[in-house]
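Please keep the sequence and the structure in view while reading.

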Amino acid sequence: MPIEALVNALGADKVVSDDNGISNYAFDWTGNWYAKPVAVVLPENTEDVSAALKICHEMNFSVVTQGGNSGLVGGAVGGDFPHVVLSTKNLRSQPIFNSATNQLTLGAGFTLQEVQEIAQSHGMQYPVDTPSRALATIGGNVATNAGGVRVIAFGMTQQQVVGLRVVLSDGSVIDRLERLKKENTGFDITALFSASEGTLGVITDVCLQLRAPRTVKWTAAVPCTNIQNALDVALSLQNELLAAELFQTSGANKVAEAEGMKKLPAEKPWWLILEGDGDKPELPTDSQWALTPSEAAKLWNYRELQASMLNRLSKVVKVDSSVAPTHLPAYIERITQELSAGDDLYIFGHLLDGNLHISVANAEEKVATDIVLDAAVGFGGSVSAEHGIGQAKNDYVHLTKSVVEMKLMNDIRDSFDPKRILNPHVLKFNVDK
């Protein structure tokens with residue numbers, strides 16, 4: 001056990017080993033995954049992380065990296081094997097804003113919301129945004145290549161990353177925070193850490209490219225008769241949209257019931273929230289316009305509180321996938337037809353990304369997951385759009401990755417972490433499939 005060595009190297013205040021303290025890091029956000037670590041390490045800087053990983057590497061002891069623990073695929077908690085959790089929440093090196101490049105460098109433990117607020121304080125914008133902004137850490141966002149509600153305008157997290165500081169499994173450090181706008185000297189090693197889900201190293205600091213703000217000038221919610229109707233509306237405006245989020249009326253009104261909010265009119269089964277930074281467009285006459293920021297926030301609650309509402313239900317299977325937006329109507333129709341009559345279906349997500357989150361209550365997990373992901377693959381889609389693989393989707397990677405690709409990923413992983421001590425339960429797949 002590495003506990004004594006970790007305490008000697010880092011100090012007792014940075015190593016938690018009592019049952020009460022450990023329990024705070026044993027469950028994931030969904031409540032579906034649980035694993036008890038032997039200890040939790042709370043490093044405060046790159047040197048702490050390096051010392052901890054060097055000890056665990058020498059002892060062949062597994063390390064599970066945990067940021068804000070807001071993931072949905074079980075990647076931030078361990079499995080049925082001895083391990084320590086390395087929490088990055090205290091990696092909060094002083095933010096540094098470079099006004100010449102509009103780049104922000106800071107510790108991986110800052111939350112997404114804090115990054116957004118720091119950017120705003122400098123008159124700039126960090127555009128990635130997710131409902132978990134107050135919990136998710138920027139390091140975790142990079143490690144999972146987080147998407148969110150503004151991908152159609154700004155891209156995924158990877159598109160915002162300039163440089164990283166990362167500690168490898170043996171404690172060695174890659175420091176590529178300072179990057180030139182033009183640098184063409186072989187492989188971009190740090191790019192591999194985006195979407196690596198903690199399997200290649202631990203991100204301790206991040207340099208982000210901030211942007212001149214694109215100000216939301218209008219927000220509206222449009223009732224729609226079907227998904228094709230919603231697509232037609234959104235596609236006609238796509239060049240000026242900052243967000244296009246779709247959700248069911250039934251799901252929104254369950255949110256309203258749970259949160260004491262006003263219910264939405266139920267004449268049409270779908271609602272589409274649109275935000276834009278251009279002139280106010282012509283929308284259907286039954287659209288609801290937000291005339292103030294407060295009204296806009298109320299409209300967004302119907303969308304952003306969907307996940308919290310679902311967490312209150314029992315036995316809910318949540319599946320993240322994507323297809324080309326033009327395939328969404330047929331994709332959802334196939335899922336609806338193949339699920340059993342007793343299954344309770346909830347659909348919401350990012351319309352123009354082709355990424356609708358499918359949740360099924362009162363269903364068998366493997367049956368529902370197989371139906372959703374087989375349908376996505378059948379339409380040329382992906383088994384994961386923005387939530388990653390974690391430990392939930394290891395058995396599905398082969399559906400969208402070739403044997404050649406999976407072998408390459410395994411080879412890359414082995415070159416960074418030959419002992420496989422970092423998140424050994426994540427992105428683990430059989431290349432013989």
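## Loops, helix packing and a cavity

Glu-197 sits in the loop that runs between strand S8 (173–176) and strand S9 (202–209). The model in which this residue is placed is a predicted one. Although Glu-197 is not a glycine, its phi is positive, at about 55 degrees. Most residues other than glycine have a negative phi. Asn-60 likewise is a residue other than glycine with a positive phi, near 55 degrees, and its place is in the loop between helix H3 (46–58) and strand S3 (62–66).

**Helix pairs**

Two packed helices are described by the angle between their axes and the distance between those axes.

| Helix pair | Angle between axes | Distance between axes |
|---|---|---|
| H7 (residues 227–235) and H11 (residues 328–338) | about 160 degrees | 9 Å |
| H11 and H12 (residues 365–378) | roughly 150 degrees | within 10 Å |
| H1 (residues 3–10) and H3 | about 155 degrees | 10 Å |

With axes at about 155 degrees to each other, H1 is roughly antiparallel to H3, because an angle over 145 degrees counts as such. The crossing in which H1 passes H3 is right-handed. On the side of H1 the contact is made by Ala-5, Leu-6, Ala-9 and Leu-10, and on the side of H3 by Asp-48, Ala-51, Ala-52 and Ile-55. Sorted by class, this contact of H1 with H3 has seven nonpolar residues, no polar residue and one charged residue.

Helix H11 takes part in two of the tabulated pairs, one with H7 and one with H12. H7 and H11, at an angle of about 160 degrees, are therefore roughly antiparallel to each other, and their crossing is right-handed. H7 brings Ile-227, Gln-228 and Leu-231 to this contact, while H11 brings Leu-328, Pro-329 and Ile-332. By class, the contact of H7 with H11 has five nonpolar residues, one polar residue and no charged residues.

H11 and H12, crossing at roughly 150 degrees, are therefore also roughly antiparallel to each other, and the crossing of H11 and H12 is right-handed. Here H11 uses Tyr-331, Arg-334, Ile-335 and Glu-338, and these residues meet Ile-371, Val-372, Asp-374, Ala-375, Ala-376 and Gly-378 of H12. The residues of the contact of H11 with H12 divide into six nonpolar, one polar and three charged.

**The cavity**

How many cavities of 30 Å³ or more does the count give? The count comes to one, and the volume of the largest cavity is about 40 Å³. The residues that line the largest cavity are Val-149, Ile-152, Ala-243, Ala-244, Glu-245, His-350, Leu-351, Leu-352 and Asp-353. Strand S11 (residues 241–248) supplies the largest share of this lining, with three residues. By class, the lining of the largest cavity consists of six nonpolar residues, one polar residue and two charged residues.

Definitions and conventions:
Residues are numbered from 1 along each chain as its sequence is written. This is a predicted model: local features need pLDDT of at least 70, side-chain atom pairs count only at pLDDT 80 or more; totals for chains, interfaces and linings use all residues. Side-chain values use heavy atoms; hydrogens and water are left out. On a 1 Å grid over the protein atoms alone, a cavity is a set of points where a 1.4 Å probe fits but cannot get out, and a pocket is an open set with protein on both sides within 12 Å along at least five of seven lines; lining residues have an atom within 4 Å of a point. Grid points are joined across faces, edges and corners, and a volume is the space filled by probe spheres set on the points. Helices (H or I, at least four residues) and strands (E, at least two) are DSSP runs, numbered from the N terminus. Ala, Val, Leu, Ile, Met, Phe, Trp, Tyr, Cys and Pro count as nonpolar, Asp, Glu, Lys and Arg as charged, and the others, Gly among them, as polar. Axes are lines fitted to C-alpha atoms, for helices over the stretch in contact, and angles run from 0 to 180 degrees between N-to-C directions. Angles under 35 degrees count as roughly parallel, over 145 as roughly antiparallel, 65 to 115 as roughly perpendicular and the rest as oblique. A crossing is left-handed if the near helix is turned anticlockwise from the far one by less than a right angle, and right-handed if clockwise. Contact means heavy atoms within 4.5 Å.
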